[in-house]
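Colleague: I'm new to looking at protein models. Could you walk me through how to read a few features?

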Amino acid sequence: DSVKLMATLTNPVDSKLAMLFGDMSTQAIKEIIDALEVREIKEGTDLIASGEFGDFFYIVKTGQFDLFAQRDGTMVKVWEAGPGYCFGEQALLYNAPRAATVKAAGDAVVR
């Protein structure tokens with residue numbers, strides 16, 4: 001599993017992962033991988049809620065997540081994240097409230 005995650009972080013499909021991990025040494029990435037926790041998420045669970053302060057960043061291992069944001073006073077689906085994609089980094093990078101709500105579209109696993 002850590003070999004697959006190393007490949008995800010060093011040769012990502014998600015450009016955000018390339019930005020976050022692209023200049024890190026292999027050793028630094030290994031240390032991050034060792035610190036990551038695996039979480040199983042049930043379908044329909046809001047993993048992130050818009051407006052809340054966040055302290056986690058997620059990489060999708062399996063499953064699909066729908067991201068919703070406020071547009072003209074209505075929550076609308078703006079993106080989908082599947083295996084190899086990440087979300088939750090903006091709140092950490094900018095010390096800002098979550099900009100979107102992220103809901104599991106089915107049972108899923110994140111790191």
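This is a predicted model: local features need pLDDT of at least 70, side-chain atom pairs count only at pLDDT 80 or more; totals for chains, interfaces and linings use all residues.

Colleague: Okay, is K77 buried, exposed or partly exposed?

Modeller: K77 has a relative accessible area of 42%, so this residue is partly exposed. K77 also forms a salt bridge with E80, and their closest N and O atoms are 2.5 Å apart. E80 is partly exposed too, at 43% relative accessibility.

Colleague: Why can two side chains pair like that?

Modeller: Side chains of opposite charge can pair when their charged atoms come close. In the whole structure, a search finds six salt bridges.

Colleague: Which residues are joined into one network by shared partners?

Modeller: That would be D1, K61 and R111. K61 pairs with D1, with 3.0 Å between the closest N and O atoms. Those two sit 60 residues apart: K61 is in strand β3, D1 in the segment before α1. R111 also meets D1 in a salt bridge, at 3.6 Å from N to O. R111 lies in the segment after β8, 110 residues from D1. R111 counts as buried, at 9% relative accessibility, while D1 is partly exposed at 48%.

Colleague: And the sheet: what order do the four strands have?

Modeller: The order is β2-β7-β4-β5, in an open sheet with antiparallel pairing. β2 and β5 stand at the edges with a single partner strand each, so one side of each has no neighbour in the sheet. From one strand to the next, the twist averages 35°.

Terms used:
Residues are numbered from 1 along each chain as its sequence is written. Side-chain values use heavy atoms; hydrogens and water are left out. Two strands pair if DSSP finds at least two bridges between them. Axes are lines fitted to C-alpha atoms, for helices over the stretch in contact, and angles run from 0 to 180 degrees between N-to-C directions. A salt bridge is a side-chain nitrogen of Lys or Arg within 4 Å of a carboxyl oxygen of Asp or Glu. Buried means under 20% relative accessible area, exposed over 50%, partly exposed in between (1.4 Å probe, protein chains only).
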